[in-house]
Amino acid sequence: MFSRRRVNVGRVPLAAMLLALGIILGQWGMAGAAPQYTLSCISCHQMPPLDSATRDPLTGAFKGNHQAHATATVSSCVKCHGSGVTAYTTGHRTKRINMNANINSSPAGGAYSRAFFNQTSVPPAVLGNCSNVNCHFEAATPAWGGTAFAAPSDCSQCHLVAPNTGNHPVLGSKHGNYLGTGTGSCLKCHPDHLSDVKPFAHATSVANRGIKVQFGTAPNSGGTYSGNGLNFLPSQNKTTFGNCSNLYCHSDGRGGAPNTIPTWGTSLDCRGCHNSNLASGQPMSSGKHTAHMNNAGFIGTNYGCAECHASTANTDTHIANYANHVKGFVSISGARVSKNYNTSNKTCSTAYCHSDGKGNYKSIAWTSATSLDCTGCHGSDASPDPQFSSSVSDGAPNYVNAGVNQAKANSHRTHVKYGASDCASCHANTTTDGYSIKSGSTSHTNNTVEVYNGNGKTFTYSNDSTKTCSNVSCHNDGSLFTVSNNAPQWGGSLGCTGCHGDASTLVSNAHAKHVNTTTGKGYACDNCHNLTVSGSSTIVDPTKHGDGTVEVAGTNVTTWSGTATKTCASSCHLTGTPVWNNLASGACGTCHKALSTTANGLIATNAHTAHFAAAYGPGMSSTTATSCANCHVYTTDTAATHDDGIVNLAAGFNKVGTCTNCHKQTTNWTGGRVTCESCHTTAGGQLSVINGIPAPDKTQAATTGHGQFGKACTDCHDNNSNHISNALGTYPTRLTANLTGSLNTECKYCHDNGTRVATPAYRNMSTHFLTKGGGQAMACNQCHDPHGSSNLYMIRTSINGQNITFTDDVNGLVNTTTNQGLCQVCHTQTNYWKAGVPENNHPTTGCMSCHKHNAAGGAFKPNTACDSCHGYPPAPRAVTSPVTFGVQSNWSTAKFEDYSGGGGAHLVGAHIPATAKPSDGWANCALCHNGGRTSTTPYHIKALPIGTHINNVHVEVDPAYRFSDTSFIVYTGAKLVNPPARNATGSCFNVSCHFKPSPKWSIER
């Protein structure tokens, strides 16, 4: 009703109207207002209410601070006015403003000190104020309606800036030193409310959440605070503080976790965040600190913080300049730091600590994962001597030897690990093992090269000007060497002959027999000592030179028994083991093994076993010397070819190549067994001739035989069984065990298994018979050569003693010209295509259509089913609308007509059901071909192909389907004549199937 009434404001007093409106709204509430009146909070006052020093009738503003406290949503009113505001109806206009007893969950006693009158009607004389409200935190609550706060100047109206509690950044505190003491310091750990639409709105969160600590400025972005303290009134000390984590300023300097998690209100020293030096008991390990501060055993002393960070710390535990600390990067300076330290890639490049002591500096990256060893500095020359490697054992320092009396004279390479010497042998005050610095040593990185004997070595060192040594214990002949114990000068060289002598003077034991160029073989030293030397003058491994042990190893040395027995097995000595200090033990006849009758037995290297003992080999005699002469020519032990590493073969024999007496194709003596193809095919040369017998030619196996289907010889043949003999055919097949058995087992193994032969046309082949009607079965290989032939399908070129005429076409199995087709050469008792006899009453093509290789009951047995000759049923090619066939329930075995018009109307469901299948037999045909179906009746003469014997087709409709008994039922008007005469189809007459004259059988003819 109310929605339809029309209020005339001009006639009804305003008070009366408001009264009526109040009554209606009081009954209906806001949700029950009439449709054209949709009332909400904003219908009466702005949300939030507008603030003004005086009431503004134009805007509805009144004195207060709603704009700073509330938002446009009703929920923002709840904190002060209670949850009832969300369900207020117009009935809430009671001339009183309802206030929560404990505004914003403030403690008991926090409330308005005065009740307010409804400001929409009668203004109050005095506005009330809040007291003890936790929104205002540490300061007294301002009077309601006072001047609005401005940020950041009025932040202190609620809480101090910064609070003088815990670790806040006040003057003299650690946070103050780093963050400053102004308002901006708050932003380092707390949200920046200056960017908020209402910067002071966060005050309502007091008592409703924990202290909001967040880290949004670098380098502390991403930090977290674990505290759960609440903003209770200062007089109620109920706050429990937590700690900070993931902060750069509380890290080890690399962004990692500090040693001690800081807790608010406590203080940490240097070790609280990152370790100090060794003296503090907490050595640092990040980056390269360990190598510098806790590495006296390597560098000789431990460096302190100030030696590399002097601009930040002046001792190990005191900050000298706060501005250089906790600033996001590390300040590098100090006595141990490179003058041109690269801060971007953190490298020292000109620090004496990282040099070889000769002015060659090593550029070291602080973040490098590689730790420096001795060669990191002493093997770091920019242009090293190419004979040096990077290892200590190769004699670092590795700078090029400048020669005697020069600053860079360098003989290290011939001394370190040479004659049992190492770094400690000459620098005993600096190192004890050659790989680490003597703990507490002052002889390292002190700008002086200090030479002192040690490690059991003795010598007299002159001074740093002449750099000569005398009375050197390392320079002795060891009873084998020529003594040259003069005072060698650093940077000079004695050479090998200085101690060992040369080939003419080295005559101990069997040396002369090996190294003398006149009476021996003239071998170089590395023939027997290649672990130590290359050639006769280059040391390849100083650790094995002058170590008191003779290492025997070389290209020709197989085993060395050691210094006790001194026997050597080598390629030079073959199976002999002569004793080094017994020259008679190396006499002729002690090295070679050859035949099974010799003392050392039959030689078994490389392919010897295949030729002498293997069942598949030629079976050479292992007891007669002439067997060796089959392949080798002989020399005496004084010949130049003796012990020259070359096997002397007879003419035509090659280690890699042909052995013309047997293998006509390339072979490899050390490459393992030869392939079947290398003997049995001409693809790579001639067939092998072994024991005078040519290998059977199987060249076509790969292309026209089973090889074309991916089969290898060993898929069928056992290549480990007896093979080569003196009589051809001694071992005819060598088939594997799974392929031997009854007739054709080898073929059926694959062709009767779908996993081995995937193509259905090549599976489950029936066996042909030797006599008509059955009898003895044929072997598959009587017609097929599994190794391939020049004919298709591996068909032999000669069968039954006759060369066949075959056109590589499955339709050309007979030949009307030669009468020697594939089938004809054997057929002597068949009705058609007898051998040598012309035949005109049988098809000459498509034999496999009726005579299938996998026919049931025997291969090539004629298929007498209806669809063996034509479709079941024949389908027309010429139609007025498309027809489909060839799937189940849609003439699945139909085929296109054999002659024009022959398909006709077979594919009409009333003639032949669409579900017809060959197993239905003659039943579906007898309706129209009632004359019979045997081969002897005149109505079904099986002369093929039908297209050339159309006159044999006979149509005689079953009389049972006669439409009228007054006339016969006939198929009339047809011309069933053979080509070249033109045939024509007819139509049925007097057939009950058609209630009117029958249409012509085919629209084509």
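Trainee: Is Tyr178 buried, partly exposed or exposed?

Mentor: Buried means under 20% relative accessible area, exposed over 50%, and partly exposed in between (1.4 Å probe, protein chains only). Tyr178 has a relative accessible area of 27% and is therefore partly exposed. Tyr322, at 39%, is partly exposed. This is a predicted model, in which local features need pLDDT of at least 70 and side-chain atom pairs count only at pLDDT 80 or more, while totals for chains, interfaces and linings use all residues. Residues are numbered from 1 along each chain as its sequence is written, and side-chain values use heavy atoms, leaving out hydrogens and water.

Trainee: How many aromatic pairs does the structure hold?

Mentor: Rings of Phe, Tyr and Trp (its six-membered ring) pair if their centres lie within 6.5 Å; planes under 30 degrees apart count as stacked, over 60 as edge-to-face and the rest as tilted. The structure holds 3 such pairs. In one of them, the ring centres of Tyr178 and Tyr322 are 5.0 Å apart with planes at 90°, so the arrangement is edge-to-face.

Trainee: Which other pair is edge-to-face, at 5.2 Å centre to centre?

Mentor: Phe885 and Phe896 form that pair, with 85° between the planes. Phe885 is partly exposed at 23% relative accessibility, and Phe896 is partly exposed at 39%.

Trainee: Which charged residue lies over the face of Tyr616?

Mentor: A charge sits over a ring if NZ of Lys or CZ of Arg is within 6 Å of the ring centre and within 35 degrees of the ring normal. Arg673 lies over Tyr616, 3.6 Å from the ring centre. The charged end of Arg756 sits over the ring of Tyr749, at 3.9 Å from its centre.
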